[in-house]
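Please look through the structure below before reading on. The briefing that follows it takes a few places one at a time.

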Amino acid sequence: MADLSLYRNIGIFAHVDAGKTTTTERILKLTGKIHKTGEVHDGAATTDFMEQEQERGITIQSAATTCFWNDHRLNIIDTPGHVDFTVEVYRSLKVLDGGVGVFCGSGGVEPQSETNWRYANDSEVSRLIFVNKLDRVGADFYRVVEQVKKVLGANPLVMTLPIGREDEFTGVVDILTQKAYIWDDSGLPENYEITDIPADLVDDAAAYREELIEAAVEMDDDVMMAYMEGEEPSIEDIKRCIREGTRTLKFFPTYCGSAFKNKGVQLILDAVVDYLPSPTEVEPQDLTDEEGNPTGEKAIVSTEEPFRALAFKIMDDRFGALTFIRVYSGQIKKGDTILNSATGKTERVGRMVEMHADERNEIDTAQAGDIFACVGMKNVQTGHTLCSTDQPCTLEAMVFPEPVISIAVAPKDKAGTEKMGVAIGKMIAEDPSFRVETDEDSGETILKGMGELHLDIKVDILKRTYGVELDVGQPQVAYRETITAEVDDSYTHKKQSGGSGQFGKIDYKIIPGEPGSGYQFTSTVVGGNVPKEFFPAIEKGFKVMMEEGPLAGFPVLDVGIELYDGGFHAVDSSAIAFELAAKGAFRQSMPKASPQLIEPIMKVDVFSPEDNVGDVIGDLNRRRGMIKDQDSTPTGIRIKADVPLAEMFGYIGHLRTITSGRGQFSMEFSHYLPCPAQVAEKVIAEEKERRAAKAS
């Protein structure tokens with residue numbers, strides 16, 4: 001059996017272009033996993049193996065690989081940085097025990113870093129910080145450390161200091177050992193020497209060491225008492241304390257370097273081994289019931305426990321469907337039969353493989369702490385729990401965001417229809433934030449996703465990977481409807497036609513809900529005027545009708561239904577009668593509740609050169625944007641704003657025009673807000689026209 005204390009399951013995450021994939025490449029080279037380093041800008045990075053990734057120089061799907069450092073096994077997941085693919089980061093963090101947050105030395109804490117950091121906080125993942133690209137113009141390690149404190153509200157524990165700035169960056173000072181690591185100009189990671197600290201950094205290094213020790217000893221009362229009495233703790237004691245503080249998220253050991261120039265990566269690997277937790281040191285996952293409520297039990301990470309694992313990613317490639325699995329407890333062997341607790345069906349474990357990006361090594365067994373992939377599983381989806389057949393359980397489920405943008409696509413020929421059906425089935429399994437609907441009236445296929453780039457990539461995959469030629473429509477915004485007034489009403493469903501009839505009477509209130517509350521149903525009926533067994537039918541009747549609102553047929557959000565009285569007939573009342581009563585009640589009362597159109601508002605983060613800030617802000621205002629914040633950086637200004645999605649289509653082209661190609665932006669869904677009256681009227685009229693055209 002492998003020793004779990006020698007395992008590290010880590011993810012590498014950051015904003016677009018901070019250097020995650022380059023850092024992963026350097027780690028693979030240093031650990032001997034690859035012999036030639038591939039560069040992202042050449043489209044040759046190991047973990048960016050999709051054509052679309054190589055062309056665009058971005059990571060789209062998380063890639064897994066395994067390597068070894070100082071006798072420790074590192075299972076590494078390189079995640080995307082682009083906001084449209086944050087679902088990949090979210091699900092990776094869900095199954096990892098630790099992470100490395102990479103920040104750009106000149107860009108600092110960028111928008112996507114904030115989102116990923118928030119996800120990591122939610123998942124309570126221990127992290128190291130690596131301030132990368134210190135060889136770039138405008139790079140400033142100390143400024144990034146301050147941003148981590150201010151923007152992320154985190155506590156960085158400085159472990160190394162940079163020697164030299166920008167193109168004179170030559171190495172780092174290790175605060176703990178008080179030694180300098182200097183690399184030569186060959187660009188080879190192994191060509192460095194350990195020397196004394198340069199004279200101009202001696203005082204800074206001593207001051208930071210004192211800070212480091214003071215933060216570390218707080219993790220152990222005995223060591224702290226000894227330190228206060230003047231006794232210097234040993235390096236082993238300091239490391240043990242730093243490990244404890246990192247595990248409990250009290251602070252985040254912070255390193256610096258340049259992955260591209262191969263400077264400082266060894267210290268990151270040492271830190272992964274020294275400070276990030278092994279699978280047994282992480283708070284165990286909660287077990288839940290079928291509704292997703294915690295049962296109080298935990299999935300203890302141990303090979304002695306029953307088999308429990310989470311399928312966290314499905315990937316389809318030339319060899320068939322791969323299911324990526326993180327094993328939390330127990331062991332699994334090739335040929336075993338396991339239970340999928342989400343479907344209640346058993347699965348036989350066929351081929352098991354250890355992944356290295358898109359290459360694979362066959363394995364026969366896996367145990368607690370392992371991340372591996374299984375070939376050819378039939379009914380497993382992302383977030384499903386796999387467990388032993390005699391001890392069923394459910395692990396805490398994954399929750400994925402709702403899509404905010406859609407496009408209509410249609411194959412150009414009949415042969416394409418069949419191919420597209422198969423392809424889309426595979427793509428939905430791979431990406432839970434990608435949804436597909438078929439419009440029954442027009443036969444159009446509607447693709448729904450997290451942003452323009454997300455859907456752009458999906459269409460590209462359909463065309464190139466699956467060979468489906470498509471006609472693509474204009475992007476559509478996911479409008480919703482809600483209500484603004486409370487309505488107290490009554491509805492009776494009565495139908496008599498030979499034999500037993502149908503009867504159901506309900507007295508109810510329709511109440512505007514808090515933003516984000518969704519659909520809520522409550523019952524305050526007393527005295528049995530509506531028997532309890534009919535409540536689920538009434539709730540279902542209203543819920544089904546929420547799919548199409550009274551204004552233009554968009555889904556309804558944030559509405560509460562309170563059932564407070566009614567009437568029934570001993571013979572004619574049935575579940576179906578009360579369900580039909582609820583549907584009739586919805587049609588009758590929703591138009592009276594002052595319905596309102598609401599639109600998705602995006603959190604937009606724009607980077608602009610200083611000269612163009614006025615133009616950029618003026619443009620955002622014209623797009624109905626609300627400016628929230630402005631922040632100066634060494635290379636320009638960051639503007640944060642809330643802008644309706646409807647106004648953001650094609651924004652990147654416009655931004656590049658007004659900033660001479662130097663502007664950048666990212667956006668993610670924030671919340672829904674009411675549409676202004678003139679916008680709402682136009683949208684409702686267009687939607688009604690579209691529906692009428694389809695119906696004719």
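What follows is a short briefing on an open sheet, a pair of helices and some single residues.

This is a predicted model, in which local features need pLDDT of at least 70 and side-chain atom pairs count only at pLDDT 80 or more, while totals for chains, interfaces and linings use all residues. Residues are numbered from 1 along each chain as its sequence is written, and side-chain values use heavy atoms, with hydrogens and water left out. Helices (H or I, at least four residues) and strands (E, at least two) are DSSP runs that are numbered from the N terminus.

**An open sheet and its helices**

- Four strands make up an open sheet with mixed pairing, and their order is 31-32-34-33; two strands are said to pair if DSSP finds at least two bridges between them.
- At the edges are strand 31 (487–495) and strand 33 (519–523), each of which pairs on one side only.
- From one strand to the next, the twist averages 25 degrees.
- Strands of a sheet pair through backbone hydrogen bonds, either parallel or antiparallel.
- Strand 31 and strand 32 (residues 502–512) run antiparallel and are joined by nine bridges, and Asp488 has Lys509 in strand 32 as its bridge partner.
- Helix 12 (residues 535–545) lies across strand 32, strand 33 and strand 34 (559–567), and runs at about 150 degrees to strand 33.
- Helix 13 (residues 575–589) lies across strand 31, strand 32 and strand 34, and runs at about 40 degrees to strand 32.

- Helix 6 (residues 202–217) packs against helix 8 (residues 235–247) at an angle of about 65 degrees, and their axes are 8 Å apart; axes are lines fitted to C-alpha atoms, for helices over the stretch in contact, and angles run from 0 to 180 degrees between N-to-C directions.
- In this contact (heavy atoms within 4.5 Å), Arg209, Leu212, Ile213, Ala216 and Val217 of helix 6 meet Ile235, Ile238, Cys241 and Ile242 of helix 8.
- The residues of the contact of helix 6 with helix 8 comprise eight nonpolar, no polar and one charged, where Ala, Val, Leu, Ile, Met, Phe, Trp, Tyr, Cys and Pro count as nonpolar, Asp, Glu, Lys and Arg as charged, and the others, Gly among them, as polar.

- His72 belongs to strand 3 (residues 72–78), and it counts as buried because its relative accessible area is 12%; buried means under 20% relative accessible area, exposed over 50%, and partly exposed in between (1.4 Å probe, protein chains only).
- The side chain of His72 reaches the backbone oxygen of Asn70 at 2.8 Å, which is a polar contact, that is, a pair of N or O atoms within 3.5 Å; within protein, one must be able to donate a hydrogen and the other to accept it, and residues adjacent in sequence count only if both atoms are side-chain atoms.
- Thr659 sits in the loop between helix 15 (651–658) and strand 38 (664–674), and it is buried because its relative accessibility is 0%.
- A polar atom of the Thr659 side chain lies 2.7 Å from the backbone oxygen of Leu655.
- Leaving aside residues up to four places away in sequence, Thr659 touches Ser608, Pro609, Asn612 and Val616.

**Two residues with positive phi**

- Lys133, a residue other than glycine, has a positive phi near 60 degrees, and its place is the loop between strand 5 (126–132) and helix 5 (141–152).
- Gln178 is not a glycine, yet its phi is positive at about 55 degrees, and with 24% relative accessibility it counts as partly exposed.
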